[in-house]
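Student: Could you walk me through this model? I'd like to start with the overall picture and then look at one helix.

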Amino acid sequence: MIKQLFSTCALALALSVCTAPVVRAQTETKSDNEKTKTKEGDAMMKTKVQDDGKTKMKGKSGKGDKMKSKAKPMDGSMGGTTGGMEMGSPAMGTGMDNATSGNAAGVMVGGAMMMPNKDIVMNASASNEHSTLVAAVKAADLVSTLQGPGPFTVFAPTNAAFDKLPAGTVNTLLMPANKEKLSTILTYHVVPGRLMAADLKDGQVLTTVEGETLTVHRNGDMVMIHDAKGGMANVTIPNVVSSNGVTHVVDTVLMPTR
């Protein structure tokens, strides 16, 4: 019974770590009572639950980065930790939080493993869902800033989030003449300090590097960020830990008033 419980928890853990909203790659998962193997494009993650309940994970990203991790069952609390999570909903517990515990575990985003020993820009550059954001950061000359010691909390819009803006907006913002406006928008997505998902409380007001505020709205494990213009972004992948901060992937570009 205990072994079956930990097997089920390990499967939920592996899925929460490996699943990312990628539309270009197909995800394939094979599992039995003790082992799980998940492939997403060229990325792969294997999980094995031992008889004593310990979980071993190893995998590689689409770019060849490798990771290994071991997890011990929490005394009497494993079931309570995972029991309230629903498959397919934004996962803000077990798997993601492992990246903060000092082990080598990463988080899959955009077909690549985001590693805690790499900085925010390096991790974002590996994600095929954040190429627009990375291009914008380069155009605004913010690379060195976001590679600084920080720590920073970044709400990172996906390519699909930028695509939701009016036609031509992104290309216009990337023009050298609009560098200041672009920098204003990007720094509005950055908050000083390292704020994990558990630190984001309903009604909390966050002061951004740009100077204006964002407001957190929370419903259970669902976290939403409201901007100064009344727009709203959902946190789709939380707790992407880097060496100089943490990133939360969002599905909408947040807009300041200026």
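Student: How many helices and strands does the protein chain have?

Tutor: The protein chain has nine helices and 14 strands, where helices (H or I, at least four residues) and strands (E, at least two) are DSSP runs numbered from the N terminus. This is a predicted model, in which local features need pLDDT of at least 70 and side-chain atom pairs count only at pLDDT 80 or more, while totals for chains, interfaces and linings use all residues. Residues are numbered from 1 along each chain as its sequence is written, and side-chain values use heavy atoms, with hydrogens and water left out.

Student: Which residues of H5 are buried?

Tutor: In H5, which spans residues 131–139, the buried residues are Thr-132, Leu-133, Val-134, Ala-136 and Val-137; buried means under 20% relative accessible area (1.4 Å probe, protein chains only).

Student: And what do they pack against?

Tutor: The buried residues of H5 pack against several elements, including helix H4 (120–126), strand E8 (152–157) and H9.

Student: What is the angle between H5 and H9?

Tutor: H5 and H9 (residues 179–187) pack at about 125°, with their axes 9 Å apart. That makes H5 oblique to H9, since angles under 35 degrees count as roughly parallel, over 145 as roughly antiparallel, 65 to 115 as roughly perpendicular and the rest as oblique.

Student: Which residues meet there?

Tutor: Leu-133, Ala-136, Val-137 and Ala-139 in H5 meet Lys-179, Leu-182 and Leu-186 in H9, contact being heavy atoms within 4.5 Å.

Student: What comes after H5?

Tutor: H5 is followed by Asp-141, which has a positive phi near 55°.

Key:
Axes are lines fitted to C-alpha atoms, for helices over the stretch in contact, and angles run from 0 to 180 degrees between N-to-C directions. Buried means under 20% relative accessible area, exposed over 50%, partly exposed in between (1.4 Å probe, protein chains only).
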